[in-house]
Amino acid sequence: MTVRQVVCLVGGLGTRLGPLTRNMPKPLLEVGGRPFLDYLIDEAARFGLQRLLLLAGHSAGEVVRHYAGRVVGGLSIDVIVEQSPLGTAGALANAAAALDPVFFLTNGDSFFGFNWLALVPALERDDWTMHLALARGVGGGRYGRVETREDRVSRFLPKAESELPINAGIYLVRRRILDRIQSVPCSLENDVLPPLASEGQLLGLAAEGTFIDIGVPDDFARSQHAMPAFTRRPAAFLDRDGVINHDDNYVHRPEQIRWIDGAREAIRWLNDAGYYVFAVTNQAGVARGYYGEDDVKSLHGWMQGELQRAGAHIDCFEYCPYHPEGVVERYRRVSEMRKPGPGMILKLQKEWNVEMDGSFMIGDRDIDMQAAAAAGIAGHQFPGGNLLDFVRMRVPAKRRNPSSR
Ligand SMILES: [Mg+2]
C-alpha cells in the first residue's frame, strides 16, 4: 500500500499568541517571509505525497483564499471547513468521506524536522491504529511526555521537564481511527490517544530533529530564523541508471527495473542524515523515440512508491530528454541539461535551497563526474556493488544542523 494523502489540522485558535491570531489562523502567520504552513506543505511535497487536505475552522476564509485548489510540486491541496469547533479528532470525523485508508496527519502549528516516511515500513503489520513521531531531546516543562515500551506507546505523562520524548504532532493513521470518535467535540490528544495507548494500538518512533511549536511565543520568535535555516541543506545528486537501478539500456517500465543492491537503503540513509536527495538522469531514449516523457514520469512515480516502502524518498527526479542526434524533432538539440553539462544540478540548486558546500554527485560514468566538476561539487564514481556500503564510506553521517540548539 502506498501512502498518498496528508491531512493537516489548521483550525486551532492560537490564544497564546494574542492579537496576532485574532483574524488569522496560526499556521498562516508569517515565518521568515512566508506563511508557516508553506514549510509543512513543502515537506509533504518532497516526501512524494500527492494530496493535502487542510482541516480549517478559525478564520477558515483565509485558509480557503490562500490554499484551496493550489498545487505545490506534485501535491494538490483541498480545504474542508468545520462549521463549529469540533476538536482535533472531531475535525477528522467531519472529513471522513475524504480520507484514504491510510494517511499522514500533522498539526498545522508545529514542525518536526523528521523523515516522515520512516513511519511507513510498519504498514507491513496490522497490529496498530496510529504510528506517532516522537521528538527526543526537547527540553522544558511545557510538553506532555510519552513513555514507550519497545516500539509501542505505553502511556502519556503530564507536562514536565523530562528525558522522555514528546508527541511531535506527525502521525501515520489508519482510517479505522474513525471508529474511536463517537461524539463531538472530541480531542485526539485527550480522548482518543490515551485509550489507544492502553490497548497497545499506538506505535511510536523517536528521533532527534528541529522541533518548533509556533503556538509558544518563544518558539514563534525562534522560528523566524530556524525555519529558513532548516530548509537550507546540502544535496546528494544521484545518477539513476547504474547507481539506483542497473543500467539495462533505456529502461522505462517498472518491470525492467532491477534495483542496485543497497540503493533503497542508501537513499533512506541519506534522507535520515538530512541531505536532499535528487535523481539526475539523461533520458536520451525520449529524443530517440523509444519512449515518451510520460513513461519517464510514471516510472519515477512507481519508483517513489517502492522507495516509500523502505522509508525512503527522492526529493525530486530531474531528467534530460534531449539528444543532439535524436529522431524526435522537438528533443533534437544540444543541451546544458544533458550530462556532462551541469544544467540539471544547477537547476535543482536554484529551485531548492541547496547548500553546495557539502553537496556531491554519485554516478557510474565519467560524464557524471564531469557534470559534478562543472557544477563545483564533489563527484564520487560508483564502481558497482552495494550502494549503501559505498555511501557510508564516502559521506559524513552527521551534517551540521544550523537550526538545532
Ligand atoms: Mg549511469
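Here are some notes on the structure above, point by point.

1. First, keep in mind that this is a predicted model.

2. Now look at where the two domains meet. How much area is buried between domain 1 and domain 2? About 1000 Å², with carbon and sulfur atoms giving 50% of that. In case the idea is new to you, the size of an interface is often given as the accessible area lost when the parts come together.

3. What holds hands across this interface? There is 1 salt bridge between domain 1 and domain 2. Arg46 and Asp315 form a salt bridge, and their closest N and O atoms are 2.8 Å apart.

4. Next, find the magnesium ion. Which residues coordinate the magnesium ion? They are Asp239 (OD), Asp241 (O) and Asp364 (OD), at 2.1 to 2.2 Å. Notice that Asp241 is listed with O, while Asp239 and Asp364 are listed with OD. Along the chain, the donors follow the spacing D-x1-D-x122-D. Asp241 sits in the loop between β15 (235-238) and α6 (263-272), and Asp364 sits in the loop between β18 (360-363) and α10 (366-375), so this pair ties together parts that are 123 residues apart in sequence.

5. Back to salt bridges, this time in the whole structure: a search finds 27 of them. One to pick out is Lys26 with Asp109, where the closest N and O atoms are 2.7 Å apart. This pair links distant parts of the chain, 83 residues apart: Lys26 is in the loop between β1 (5-9) and β2 (30-31), and Asp109 is in the loop between β7 (102-107) and β8 (110-112).

6. Most residues other than glycine have a negative phi, and most peptide bonds are trans. With that in mind, check the bond from Val184 to Pro185: it is cis, with omega near -5°. Pro185 lies in the loop between β12 (166-174) and α4 (188-198). The bond from Lys339 to Pro340 is also cis, with omega near 20°, and Pro340 is in the loop between β17 (316-320) and α9 (343-351). As for phi, Glu150 has a positive value near 50° without being a glycine. You'll find Glu150 in the loop between β10 (145-149) and β11 (152-157).

Terms used
Residues are numbered from 1 along each chain as its sequence is written. This is a predicted model: local features need pLDDT of at least 70, side-chain atom pairs count only at pLDDT 80 or more; totals for chains, interfaces and linings use all residues. Side-chain values use heavy atoms; hydrogens and water are left out. Buried area is the accessible area (1.4 Å probe) that two parts lose on being put together, summed over both. A salt bridge is a side-chain nitrogen of Lys or Arg within 4 Å of a carboxyl oxygen of Asp or Glu. Donors are N, O and S atoms within 2.8 Å of the metal (3.2 Å for Na, K and Ca); water is not among the atoms, so sites may look incomplete. Helices (H or I, at least four residues) and strands (E, at least two) are DSSP runs, numbered from the N terminus.
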